[in-house]
Every structure is written in C-alpha cells, then in structure tokens.
Amino acid sequence: MYYKTLFSISILAFLSQLIVAQNINKNDSANLPVIEYSNAAPKYEIADIKVTGAGNYEDFVLIGFSGLAVGDVIEVPGSAITNAVKRFWKQGLFSDVKILATKIDSGKIWLNIALKERPRISEINYIGLKKSEIDDLELRIGLVKGNQITPNISDRAKKVIEKFMEEKGFLNVLVNVYQRNDPNKAGHVIVDINVDKKLKTKVHEIIVVGNKALTFNQINKAMKKTNDKNWRNFFRTKKFVKEEYEKDKIALIDKYNEIGYRDAYIISDSVVRFDDKSVSVYLTIDEGKKYYYRDIKWIGNTIYPYEYLNAVLNIKKGDVYNHKNLTERLQSDDDAVSKLYQNRGYLFFQLDPVEVNIDGDSIDFEMRIYEGKPATISEIGIKGNTRVYEHVVRREIRTKPGQLYSQEDVMRTLRELAQMGHFDQEKLVPDIQPNPENGTVDINYQLETKGSDQIEFSAGWGSTGVVGSIGLKFSNFAIQNLFRPETYRIVPQGEGQTFSLNARTNGQSYSSFSLSFLEPWLGGKRPNSLSASVYYSAQTAISDRYRENMSNMYANSMYGGYGSYGGGYGGGYDGGYGGGYGGNSAYNSEFDTGKYMRTIGASLGYGKRLNWPDDYFTFYGELSYQLFMLKDWYPGYFPMTEGSFNNLSLNLTFSRSSIDNPIFTRSGSAFSLGLKITPPYSSFNGKDYSKPMSPDEKYKFIEYHKWTFSGKTFTPITPDNKLILMSRVMFSYLGHYNEKVKSPFEAFNMGGDGMSSYTSYGTDYISMRGYESGSLTPAGASVGYLYNKFTMELRYPLSLEQSATIYALTFLEAGNSFSGIKNYNPFDLKRTAGVGVRIFLPMFGMMGIDWGYGFDKNNTGKVSGSQFHFVLGQEL
C-alpha cells in the first residue's frame, strides 16, 4: 500500500514536468530512456542541456536561470528538476514548461528544457476611452508593443484602469482585456481593452449626524472634494471618488481640531447607492468636548528666554485649542519658533510639544526643546548648471562655507537664483545634508537650466499699414569674451549680462533702432549694476495732399475732427486714423520726406544694492540725453513744428523688490519711487518768458521734474499658492519750474494696451484696458501731465512648465489722466473689468490677450464698452 501511494504521488508531481522524449520519432521509441519511479531515485550526472521553444532568449541565459549545469549530479526524479520547473513558471513568461530526458547512458543524462513562450503584443486597441485618457493610462498599465503579455500583466492593467476611472467618478466602470491572435505575426496577439464607463457617479446628498459645533455648510466646506448638489457647490466637483472621500474625512476631523475639538472622530460612515448615477453619504460624528490651552512651559531652551518664545508662539492661556495653528507656529510659518533656531545655525534643533496634563477642558503643554550645537556649512555644491559660469551662480548664493547654517539664507538664495532667469524656479531644490557627528552641513543646490534668451517678432496695424518689429535679447551675454570665439553661441555667453537689440519699421514712414547693455555685477564682487543704451527713431509725416483728401472725404464723420493727432503720433493719431480708415490703400504711400521727427538718445546708469533698511532695497541713477529734431512737423502735436530740442536729465530711483519669481509671482512686493529732473534752465538762462518768443527758442533746452510711484503686492489666496491676488497702484506727475515753459515732452498718453504701432521717445504710453489707445487723455489737451491707476488682478497658473508658463487672469482697474495738478481729482476714475491670459515662452518672452469692458465715458464723451488688447513684452 505504501509503495502504491508513493507511486501515485510521484506520477502527479513529475508527469507534467519530466517527459521522456515524446517529441522523438516513434520509430526510435526503442531507444527512449526509461525513468524508474521507485523508492530510491537513481542519480545521474548531467552530460548536456539543450533549450527548445524560446527563440527570443539566449540558451545560456535560460540554462543559468534553471539552476541546472553540466556536470551536476542530480536525482531523477528529484528536487533539482522540480525547482527548475518552478523557476520558469514563477517568471510568468512561458505558457508551458517541460524538462525532457532525451538520453540516459552510463550514469549520465541528457536534458532538453522545452519551453513555450507567452505571446507578444503587436497592437493595443482602446475602446471606450478618450484620447487624453489613453495618453494618461499608457504609461501606467504596463502594456507595451513588442513585450510579452502575461495573466498578471493583464490583471494589473485592468485594475489600474478601474482605479483611474474611479478617480474620475466612474465607480461602476467595467473593464475587459481581450487577446486575439495576430494573423500577420506568429506568436503575437492583438490586445483589445474594452472600457464601459457606465454613468459618472455623483454625490446625491451628504447626511451628517451628531454635528453641533460645525454647521452643515462648514462641514461641506471642509470636505473639498466630496460635495452634494447644494447650490453652494455650484463651482465645485460633485463626483464621488473614494480616495478623495477618505482624504475629506481626515480633513473634517482636522477642521474639528482647529476649533478645539481634539477628540472628535467619525463613529461610522457609509456610502449607499441612490440610483445608477449617484450615491448618498452618511456620516455619524462624535464631536467630544471643546478644549482650551492652559499652561505652556518651555524646557531645554537656553538661547531664547521663555517670554520671547511665548511671544513668538502667540498662544495665550484660555485660547481655544487649535492643533493646526500650534503646528504652524512651532514649525511651518515663516516666523515659527523652529525658524528662529534654524536661522541662527541650530539645524539639529528639535521641538516636541507634549500634553502633560488634561484637566477638564484645559490642556497643559510642555515644549521640550533639544537645541543641539550650531551647524557650520562645510561645502556648497551646484548641480545642473549648464548655462552660465559657476562664479556667476555662486555670487548669488547667500550661504557660504564656514558660516553658520541659516534657513533664511537658503530661502533667500533660492529667490536670487530664480531672479537670474536662467533656471526653472519650479525645480529649484536645496539638498541639505546634515552631519550631526561633526556639527557640519553640506548644501547642494539642484538646478535645471532653462533658456532665457528671447527673440521677438511682432506686427501692428497703423494708419500707414503694417509695422514690423524684430528684437533680440541675450540674457547670458559676456562682453569679456568678445575675442574668445569658443564661447560664442551666436554671441559670447557665460557672464549673465544682458544685451538687447531691437528694430522696428513699416518700410515707408517709420523706423527705430535701439541697443542696450546691462552688467548686473560691475567688477564681479558686488551687486552694483552698470547699464547703457543708445537709440534712434525717425518718423515721416503724411503729405498735405493726403490730409486734404482725407479731410474732404470724411470731414469729421469718421474720426471726430482732424485734430485728434494730439494723443501722440503713436497713440491718438494711430488710434484715430487706424480705426477709421487705416485700410484705405490709395494714399498709403503718400509721405513727405521733408517733414519728419527724429530722435537720437543715449543713457548711462548705475545701480547699487542697499543694506538699509534691508537688502531688498536698491538705488539707481541714470544720466540720459535726447535730441529731438523736427522739420515741418504736425501743428498741434507739439507747440513747435521746427527745430532741434535737447533733453538732458538725471533719473533717480529708490526701489524695493522682494518678489519670488519675475514670471509668475506668488508672493512678495515691489515698490518704486522715482524722480527725473532736468536743470531749471529758465531760472538762469536770462530769457524773459513773459515776452513772445519762438517755440524753437523757448524749448531749445527742455526743463521739467517728473515724479513717479508704483507699488505691487502679491498675496496667495489658496493654501497651494496657485490663486494669486496682485494689487497695484501707479502715480506719476510731470511738473515744471516755470508756468510758461511746460515741457511738451515726457507727458502721458493713457488708454489701450500701452503699446503703439509707433514708438515716440517723447511720450509715455500708459495702458488702461477697456479703453481705446489715447482715449483717456484729458479732453481738449494733447497729453496728460498727471495720471493715477489702481489695479486688482486674480491670477491662476495653467502651466508652469519650463517650455511655457501660462496663466489666466481677471482684473478690476480704475484710473485717469489729468492736465495738471490743479485739475487732479483722485475720485474721478474711469473703471474697467475683464479677463485675459498670459503665456511666457523662453524664446519670445511674455505674450497675451485681454478683454476689458470700460464702464465710463472716454474723452470723446462716449462709453468705451468692449475692447480687446494684445500684450507683447510689457505688463499692463
């Protein structure tokens, strides 16, 4: 009986594994080896091993994987054969595994590992999914053309798809993965993935039992992703996602903890099917009682006295217990207790808040501190910089070897690196490696280089046709490498300097050229900047015949009188003509080259970073000169039509900027106060301006004083720092030393996008969305001498990738311009609101489009209404 049982077990265990040469020709059956399944298995030395049926794998790899080797002595049948078969089955790559004994002779055995490979994928078809869903799933499910498909891979793909669709609210989704032989490829299959989404599952209602401290609306607000059909959730998702539901339950308890209910918990919850497309959520809550802080003691502090720590913590006896606030004040806030220590080098500082006593509804805390020793910076590493010389990066780093560690310096360094514009701010990560044993720390700044050079191509439509512009901006210029050709990438690069070229023309009547250079670290040791620029522009007037024909044809019907040149040639003139008859090509080429306005200018500036009041402040001084040359220019545009006029000015600017990113700013502020002055020529040139004199003599040397102020703040609205409120105020006033010598230059043309088909160096163009170009210039005046503007803008990022930064915005804006300080009324504001979008491309800079609606009348007495504005390079 014993032998019969053993024999049966042996047959079942090995019959499918050890088959004696069944694929050998039947005529040779007399030569087949005979395997004896007896109590004592014989031992054989392996003489040879062959592999069949696995053409996609090398034989020696499979033999090695089997664990069998020529020369091994094994029992047949025995564990060596069994284990080899198990290894192949466990791998999952083969649908059939056999080990055949093809010959046994003189104590030796010849083996054949006969395998059958699982099919490979030749094609994958998705049925029932959108293209975007397929793109998201392809990398997750693990099915790749050319790879083998196993039952495990197929099952995993099914589960991944089910979870993916559940996250999108399809709880009843059905997923099937089918395989069919590919008739064109032997050993390959076509995989069809059939997804039946059913209806999206939404939350019908949320029923909460046991809530007293929180109203249902407060609970609904806390559960951000699990929302019913309440009207308050109009803009929130209604779909039910199990994973989000679990997070929302935790968020609900956190909300209770914030208002003192530290013992609150969910007794039970259930999700019940309401119908085919919705579920009802039931929650039963035990709120517990409300707790308050009582005594807070500090233990282990030697650097700061407990009175100061209490002041920083800002939690007083009797305050409602708030676990979230306690954590923020101890750890995460910018002025948290832990930051005090870290900013003084105590990197190994630890703080453990312990509830030492609970008496009724009161809690006593001990703040147990381990200060440790200050950490000294050992090494500073820079990784990923492939764009600028390393010393250009290192000069922006505030953490230096040998200094005490400071968290504040690390964060400031990240800001300065972002301000350079050469690295992707979203991927700026400090790798901090503390070494408690010797009290040091290594800091590695992980950088990802991005392109910051820009090329601009633009076109605008004016009264004389299309105006084209091309601009080049090289933000990593190196003037030191002018004679080192090996550093050239179009231009010499590496030092972080900025070199810009710009040219603009319409081919007939207008052209301008400009060149500028900026060295941000003059001398390379201190952040003192040197800037220089030169520019030239030429504008040719339209012929008298053109003007006379237009006057006869339109006679005030299209552009409200011929005298609306006054907004400035690039603004009011362009807006007046371009809107009315810019498309009339009959006179487009009628320009008089003997009538022109030409401008030559140059400037030289020096900037210095200040240490007081703090090192976010800078002072900038610039000396500039402009020569305006007019010949038979338009009457009314300026008080003069002929002559050369000089503008020598000194521009002084005191500013502070703490913004975190110049492209999509999330936090910080930027304020600027500027004064641009000329010598008061009228006070010492001996001329009597009360007597008549020609404009050429009166304005030969322009005099004025110009005051400007601008301020911007950026405030994150949401915890993820994505929804940003930008608030801005702008004010500028062009004053005079002598009432009779008011400057015709440097005044303001307000309205529109702030751009023009033409550039006039004699006028500042101030944007005001929702209004046409120049339409807010004071009625009856050619320019404004004072303006103010207020803006509130909500911004939300759509993409923060290195290749493109895109954000949407909505705005409220109010502003106006005035003919002088006496006419200034801060409450006389023109209002507008609208939406827009911005896209920043590294090669092209900032671009965008805004739609604004002007609610008030412009200088023609008409309500402005709907206006579109295009943005190129500048900020509106």
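This briefing describes salt bridges, a nonpolar core, surface patches and some backbone features of one protein structure. The model is predicted. It holds 43 salt bridges, and its largest nonpolar core has 30 residues. On the surface, a patch of positive charge gathers five lysines, namely Lys130, Lys200, Lys202, Lys229 and Lys277, while a nonpolar patch is formed by Tyr796, Leu798, Val837, Ile849, Phe868 and Phe870.

**Salt bridges**

- Side chains of opposite charge can pair when their charged atoms come close.
- Aspartate 364 and arginine 294 form a salt bridge in which the closest N and O atoms are 2.8 Å apart. Because aspartate 364 belongs to strand β14 (residues 362-370) and arginine 294 to strand β12 (residues 292-299), the pair ties together parts that are 70 residues apart in sequence. Aspartate 364 counts as buried, at 9% relative accessibility, whereas arginine 294 is partly exposed, with a relative accessible area of 23%.
- Arginine 398 and glutamate 416 meet through their side chains in a salt bridge, with an N to O distance of 4.0 Å. Arginine 398 sits in the loop between α11 (390-394) and α12 (407-420) and glutamate 416 in helix α12 itself, so this pair ties together parts that are 18 residues apart in sequence. Here the arginine 398 side of the pair is partly exposed, with a relative accessible area of 21%, and glutamate 416 is buried, with a relative accessible area of 6%.
- Salt bridges that share partners also join Arg728, Arg769, Lys789, Glu793, Arg795, Glu813, Arg838 and Asp850 into one network.
- Lysine 50 pairs with aspartate 48 in a salt bridge whose closest N and O atoms are 3.6 Å apart. Lysine 50 counts as exposed, at 52% relative accessibility, and aspartate 48 is partly exposed, with a relative accessible area of 24%.

**Nonpolar core**

- In soluble globular proteins, nonpolar side chains tend to be buried together.
- Within the largest nonpolar core, which has 30 residues, those with the most contacts inside it are Met597, Leu630, Trp633, Phe638, Met640, Phe645 and Phe745.
- The elements that give two or more residues to this core are the strands β24 (529-542), β25 (591-609), β26 (617-631), β30 (724-735) and β31 (747-750). The largest share of the core, 3 residues, comes from β31.

**Surface patches**

- Among the lysines of the positive patch, lysine 277 lies in the loop between β10 (265-275) and β11 (278-286). Lysine 277 is partly exposed, with a relative accessible area of 46%, and therefore passes the cut-off of over 30% that patch residues must meet.
- The six residues of the nonpolar patch, Tyr796, Leu798, Val837, Ile849, Phe868 and Phe870, have about 590 Å² of accessible area together. At least two residues of the nonpolar patch are supplied by each of β33 (786-800) and β37 (863-872).
- Leucine 798, one of the residues of that patch, is found in strand β33 and is exposed, with a relative accessible area of 58%.

**Cis peptide bonds**

- The peptide bond from valine 76 to proline 77 is cis, with omega near -5 degrees, and proline 77 lies in the loop between β3 (73-75) and α3 (79-91).

**Positive phi angles**

- Lysine 198 has a positive phi of about 60 degrees although it is not a glycine. Lysine 198 is placed in the loop between β8 (188-196) and β9 (202-209) and counts as partly exposed, at 43% relative accessibility.
- Glutamate 746, likewise not a glycine, has a positive phi of about 70 degrees. Glutamate 746 is found in the loop between β30 and β31 and is buried, with a relative accessible area of 3%.

**A spatial pairing**

- Asparagine 181 has its place in strand β7 (residues 174-181) and counts as exposed, at 65% relative accessibility. Asparagine 181 and proline 119 are 62 residues apart in sequence, and their C-alpha atoms are 8.6 Å apart in space.

Definitions and conventions:
Residues numbered from 1 in each chain as written. Predicted model: local features only at pLDDT ≥ 70, side-chain atom pairs only at ≥ 80, totals over all residues. Heavy atoms only, no water. Patch = residues over 30% accessible without salt bridge, like charges linked within 9 Å, V, L, I, M, F, W, Y side chains within 5 Å. Areas by Shrake-Rupley, 256 points an atom, 1.4 Å probe, with all protein chains shown as cover. Lys, Arg positive; Asp, Glu negative; His and termini not counted. Charge placed at Lys NZ, Arg CZ, Asp CG, Glu CD. Helix = DSSP H or I, 4+ residues; strand = E, 2+ residues; numbered from the N terminus. Buried < 20%, exposed > 50% of the residue type's maximum accessible area, 1.4 Å probe, protein only. Core = buried A, V, L, I, M, F, W, Y, C linked by side-chain atoms within 4.5 Å.
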